[in-house]
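Q: Hi! Could you walk me through this one? I'm new to reading structures.
A: Happy to, so let's bring it up and go step by step.

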Number of protein chains: 2
Amino acid sequence: MSGKPEGNPAPGTLNFELFFSEKALQMKASEVRELLKLVETSDVISLAGGLPAPETFPVEIIKKITQEVLTHHADKALQYGTTLGFTPLRLTLAEWMEKRYGIPASDIEVMIVSGSQQALDLIGRVFINPGDIVVVEGPTYLAALNAFKYYDPEFLSIPMDHNGMRVDILEEKLKELKAEGKRVKFVYTVSTFQNPAGVTMSLERRKHLVELAKEYDFLIVEDNPYSELRYSGEPIPPIKHFDDEGRVFYLGTFSKIFAPGFRVGWIAAHPHFIRKLEIAKQAVDLCTNPFGQVIAWKYVADGYLDEHIPKVIEFYKPRRDAMLEALEEYMPEGVEWTRPDGGMFIWVTLPEGIDTKLMMEKAVAKGVAYVPGEAFFAHRDVKNTMRLNFTYVPEEKIREGVRRLAEVIEEEIKALGK
Amino acid sequence: MSGKPEGNPAPGTLNFELFFSEKALQMKASEVRELLKLVETSDVISLAGGLPAPETFPVEIIKKITQEVLTHHADKALQYGTTLGFTPLRLTLAEWMEKRYGIPASDIEVMIVSGSQQALDLIGRVFINPGDIVVVEGPTYLAALNAFKYYDPEFLSIPMDHNGMRVDILEEKLKELKAEGKRVKFVYTVSTFQNPAGVTMSLERRKHLVELAKEYDFLIVEDNPYSELRYSGEPIPPIKHFDDEGRVFYLGTFSKIFAPGFRVGWIAAHPHFIRKLEIAKQAVDLCTNPFGQVIAWKYVADGYLDEHIPKVIEFYKPRRDAMLEALEEYMPEGVEWTRPDGGMFIWVTLPEGIDTKLMMEKAVAKGVAYVPGEAFFAHRDVKNTMRLNFTYVPEEKIREGVRRLAEVIEEEIKALGK
């Protein structure tokens with residue numbers, strides 16, 4: 001599309017760099033994305049992606065709903081919408097959350113967003129002053145770091161274990177901060193089947209976190225794209241369920257339980273907070289695409305969502321199982337991994353001393369790719385981890401991919417021993 | 001949905017205001033929107049809106065395209081997309097702009113955005129440092145002011161006449177600024193059938209503006225949602241057509257030539273600038289909804305767009321004519337208005353001393369609404385103007401609305417004379 005090489009000044013007089021804002025000069029393309037671009041063009045088994053399997057998209061249902069929407073609701077679906085979102089969808093989601101998660105619809109207001117990524121940006125915009133302390137999990141969702149970073153917070157990264165964020169460590173930190181006269185603005189957590197670690201915050205920790213929020217007067221941003229994708233174990237209520245003060249922002253999305261292509265997500269929060277988020281959204285995109293919103297509304301309201309979730313689970317469970325079995329079978333001693341009850345990702349920790357970013361080239365040469373863990377840490381201080389995705393690639397490829405990966409890791413471990 | 005009254009602290013311990021960022025505390029709901037909410041619920045003829053007529057949405061074409069897309073391109077339409085946008089749509093738009101506007105496809109890269117409102121926010125994010133001078137027209141597009149304002153520019157407002165922005169006055173200002181050692185970052189213009197004024201920047205002024213951009217080293221943001229809606233007169237090439245250095249950002253949208261409900265717009269600019277805008281977009285919403293993008297692609301690529309535009313024109317022209325005729329017939333002496341060759345709006349100027357915001361209540365009492373002009377000026381220093389929309393309301397209502405409005409204005413003029 002363009003004949004001009006990227007990065008070079010044009011053959012005119014224009015000095016591009018002189019025009020950018022200070023903040024834009026600091027913006028950098030995600031290395032992970034750049035890495036993945038390489039992988040996409042080659043013959044590699046990629047366990048790196050974060051995409052849902054297209055086989056789970058309910059195409060026939062979408063065809064049916066779309067025709068219905070265009071026949072009966074074209075005036076709403078094709079026109080501009082309000083910034084807050086299509087009201088029948090907002091009400092339907094509030095009811096659905098009450099039924100499903102025990103979050104009283106009367107306690108929340110739902111605002112529709114252009115994918116839950118937009119919720120992260122809007123929350124940054126509305127709540128973060130430069131220097132504000134934002135707590136994240138270590139590791140945490142990469143794109144949340146990117147969204148918040150623009151607003152110049154100071155990240156406090158709290159380690160995780162198999163029961164999610166170490167809320168006891170958070171408490172210690174909160175005490176220290178209080179002693180220094182400092183305060184946390186909010187805690188960001190992917191509470192269930194976390195991206196990237198696959199772990200779920202335990203019930204006790206959820207309650208404890210809410211108690212801490214009250215005691216130390218902070219907010220909680222609960223990002224919950226995966227909880228419906230449960231392949232084993234018992235459901236745990238969202239943190240929002242335990243919130244009786246309006247401290248918790250619940251972020252939901254249709255991307256994993258319907259299809260990402262609509263870019264429809266939602267924030268459920270106290271109406272007073274929603275008012276401000278609404279004003280912020282108005283300036284950035286006026287409204288989320290009403291066509292997708294009206295379709296999403298029919299999908300939930302007509303019961304398709306509840307019918308469809310078990311099918312997605314049925315499709316993904318064997319893939320999760322295949323990956324766990326392959327890890328068990330092939331991985332050398334010294335390698336650890338999480339055993340998620342759901343979601344899309346498994347987190348692998350290699351022996352100290354191995355840098356998974358440096359190892360990537362060898363892995364790709366062997367025909368397998370993953371996401372190096374470094375970028376998921378706010379301070380990029382952990383080098384020996386990686387994220388594996390099990391939703392996009394079929395079982396036999398998962399097995400083969402893990403086998404190849406195990407070979408590479410084995411060589412790295414040997415090299416360490418030298 | 002919520003039982004709690006807006007603005008009051010909840011019956012817990014939460015002090016909402018303590019959590020907001022400094023910038024969020026400054027965000028205010030648009031008064032215009034609040035005004036319009038009142039109007040929507042009543043029996044008033046509203047010339048205030050800015051909506052396209054739903055009768056112009058090509059519902060049958062959309063039905064057909066959507067089925068095709070879901071049958072043959074579901075994998076693309078329902079999955080996550082790249083931040084830059086769906087490549088076939090980007091290429092198709094580049095070709096279309098070359099054919100239609102003589103903008104060489106090789107000189108630009110196209111990025112898809114979530115409505116052109118998002119383009120305004122991203123441009124603010126990537127180019128405005130606090131205190132940077134941003135030139136806007138007086139009056140200018142309200143939502144552009146809102147989008148840019150977040151980034152704390154200093155607005156320089158340049159008056160308009162029937163040939164658009166007074167580029168000669170801009171030149172004077174540029175000289176003064178240069179003498180003070182100051183520089184303009186960019187000039188924002190809705191070049192054709194401006195919102196709100198309805199006027200079009202003349203060919204000479206377009207060329208002159210590009211010359212000034214070179215001489216004084218600034219960028220130009222050309223927002224062009226309306227140029228295809230031409231009911232009379234000869235087309236003028238976009239400013240981007242005269243850009244041989246990559247200084248001009250061209251913003252396009254499907255909202256007025258297809259349907260707003262998809263929220264698909266685009267930026268065409270030098271690839272070097274697009275790179276940075278792409279990184280900025282990644283943090284705010286990952287990608288524009290692929291479902292809408294794939295549909296928009298078929299709409300342009302299969303020739304529906306070029307077929308459909310004449311039908312939209314045919315639908316709107318009588319409405320524009322009806323409003324111009326009614327203004328001629330009913331308006332008292334001392335009232336002036338623009339005579340747009342296209343677009344959606346007419347701008348009315350009343351005698352000095354009349355405040356259209358104060359007059360609004362009387363107008364609504366008489367059964368007619370408009371948008372007071374004040375909010376369209378960066379410095380809110382003009383009180384006697386208003387914007388009228390002629391696309392949403394049928395001809396007979398336009399006539400009656402203008403008649404009622406003329407009555408109110410006549411009374412105001414009489415009151416002035418006292």
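Q: Let's start with two helices in chain A. Which residues of H5(A) meet which residues of H11(A)?
A: In H5(A), Pro88(A), Leu89(A), Thr92(A) and Trp96(A) meet Gln293(A), Ala296(A), Trp297(A), Val300(A) and Ala301(A) of H11(A). Contact here means heavy atoms within 4.5 Å. Helices (H or I, at least four residues) and strands (E, at least two) are DSSP runs, numbered from the N terminus.

Q: What classes of residue make up that contact of H5(A) with H11(A)?
A: By class, there are seven nonpolar, two polar and no charged residues. Ala, Val, Leu, Ile, Met, Phe, Trp, Tyr, Cys and Pro count as nonpolar, Asp, Glu, Lys and Arg as charged, and the others, Gly among them, as polar.

Q: Before we go on, what kind of model is this?
A: This is a predicted model, where local features need pLDDT of at least 70, side-chain atom pairs count only at pLDDT 80 or more, and totals for chains, interfaces and linings use all residues. Residues are numbered from 1 along each chain as its sequence is written, chains are lettered from A and ligands numbered from 1 in the order in which they are written, and side-chain values use heavy atoms, with hydrogens and water left out.

Q: Thanks! At what angle do H5 and H11 of chain A pack?
A: H5 (residues 87–101) and H11 (residues 290–301) of chain A pack at about 35°, and their axes are 9 Å apart. The axes are lines fitted to C-alpha atoms, for helices over the stretch in contact, and angles run from 0 to 180 degrees between N-to-C directions.

Q: And is the crossing of H5(A) and H11(A) left-handed or right-handed?
A: H5(A) and H11(A) make a left-handed crossing. A crossing is left-handed if the near helix is turned anticlockwise from the far one by less than a right angle, and right-handed if clockwise.

Q: What about H6(A) and H7(A), how does one pass the other?
A: That crossing is right-handed. H6 (residues 116–127) and H7 (residues 142–149) of chain A pack at about 35°, with axes 8 Å apart.

Q: Which residues of H6(A) and H7(A) meet there?
A: Gln117(A), Leu120(A), Asp121(A) and Gly124(A) come from H6(A), and Ala143(A), Ala144(A), Ala147(A) and Phe148(A) from H7(A). By class, this contact has five nonpolar, two polar and one charged residues.

Q: Switching to the two chains: how many residues does each give to the contact?
A: Chain B gives 100 residues and chain A gives 100 residues. Also, 100% of the interface residues of chain B are interface residues in chain A too, so the copies meet through the same surface.

Q: How many salt bridges are there between chain B and chain A?
A: Two. A salt bridge is a side-chain nitrogen of Lys or Arg within 4 Å of a carboxyl oxygen of Asp or Glu. Arg125(B) forms a salt bridge with Asp121(A), with the closest N and O atoms 2.9 Å apart.

Q: And which residue pairs with Glu60(A)?
A: Glu60(A) forms a salt bridge with Lys63(A), the closest N and O atoms being 3.9 Å apart. Both lie in H3 (residues 59–72) of chain A, three residues apart, about one turn of the helix.

Q: Last one: is the bond from Asn195(A) to Pro196(A) cis or trans?
A: That peptide bond is cis, with omega near 15°. Pro196(A) sits in the loop between strand S6 (184–190) and helix H9 (203–216) of chain A.
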